[in-house]
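Hi,

Here is the structure I promised to pass on. My notes follow below it.

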Amino acid sequence: MSYLLLPSFNSKTVPVIVITDVAQAVPMAHALLAGGIDVMEITLRHPAGLPAIEAVAKAVPEMVVGAGTVTTPEQVQQVVNAGATFALSPGMTPALIAAVKAAKLPFVPGVMTPGEAMVAHEHGFQLLKLFPAAQAGGLAMLKAMGGPLSELRFCPTGGVSLANMNEFLALPNVAMVGGSWLTPVDLVVQAASSSDWSSITKLAQQATDQAASSQQ
Ligand code: 3PG
């Protein structure tokens with residue numbers, strides 16, 4: 001496995017997930033799959049994140065599980081051990097890049113400027129997370145980078161929603177979009193306590209349908 005080659009998945013939207021109880025992980029994975037989303041970015045922002053990655057990796061093989069908010073070399077090894085098949089970060093540091101290379105963990109570095117994008121490209125990365133996308137300049141920034149840095153592809157994250165996702169996906173240098181709107185923490189807590197995950201499936205299905213309409 002190369003640190004440059006992401007596992008394949010179909011979804012054009014990547015849910016950025018904060019899991020607050022490991023018991024939420026597997027039902028959430030099934031709910032997203034039922035709505036056509038076969039990828040999860042489970043962030044390390046809560047201590048339940050790491051065991052949640054492990055739970056989904058073990059129990060839901062059809063779900064591609066990535067680890068999000070990976071910011072230190074130590075976390076790289078932890079997410080590999082948990083079974084994550086790729087990782088994303090809000091940024092990129094020399095130590096983090098060395099760690100993903102050593103672990104051969106496919107990685108999507110976060111960038112916010114052309115200079116950062118060029119550093120990532122020097123390391124071989126072609127898919128980059130534009131973060132925070134809205135604050136970085138959103139659609140206009142991506143259009144501007146498409147000229148001089150046309151070989152790069154982006155996953156804008158931060159400020160993306162159902163309302164604007166297709167505007168991003170219409171850009172030739174946007175491969176996919178990420179966002180927390182697909183798994184709002186309050187809705188997840190409610191779904192877990194009622195064991196009814198249909199609200200999450202509905203959000204996933206809306207995004208899947210919307211992305212499909214952009215490709216017609
Ligand atoms: C991320 O961590 O990638 C972002 O916080 C998600 O941003 P959003 O909440 O605006 O979707």
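In which loop does Pro132 lie? Pro132 sits in the loop between strand S7 (127-130) and helix H6 (133-136), where helices (H or I, at least four residues) and strands (E, at least two) are DSSP runs numbered from the N terminus. The peptide bond joining Phe131 and Pro132 is cis, with omega about -15°.

Before you read on: this is a predicted model, in which local features need pLDDT of at least 70 and side-chain atom pairs count only at pLDDT 80 or more, while totals for chains, interfaces and linings use all residues. Residues are numbered from 1 along each chain as its sequence is written, and side-chain values use heavy atoms, with hydrogens and water left out.

Phe131 also belongs to the ligand's surroundings, together with Val16, Arg45, Lys129, Thr157, Gly158, Gly159, Gly179 and Ser180 (a heavy atom within 4 Å). By class, this shell has 2 nonpolar, 5 polar and 2 charged residues; Ala, Val, Leu, Ile, Met, Phe, Trp, Tyr, Cys and Pro count as nonpolar, Asp, Glu, Lys and Arg as charged, and the others, Gly among them, as polar.

Oxygen atoms of the ligand have these partners:
- a polar side-chain atom of Arg45, at 2.2 Å
- a side-chain N or O atom of Lys129, at 3.1 Å
- a backbone N or O atom of Gly159, at 2.8 Å

Now for the helices. The axes of H2 (residues 49-59) and H3 (residues 73-82) come within 8 Å and cross at roughly 30°; axes are lines fitted to C-alpha atoms over the stretch in contact, and angles run from 0 to 180 degrees between N-to-C directions. H2 and H3 are therefore roughly parallel to each other (angles under 35 degrees). Leu50, Ile53, Glu54 and Ala57 of H2 meet Gln78, Val79 and Ala82 of H3, with contact meaning heavy atoms within 4.5 Å.

Best wishes

Methods. Parallel < 35°, antiparallel > 145°, perpendicular 65-115°, else oblique. Polar contact = N/O pair within 3.5 Å; in protein donor to acceptor, adjacent residues only side chain to side chain.
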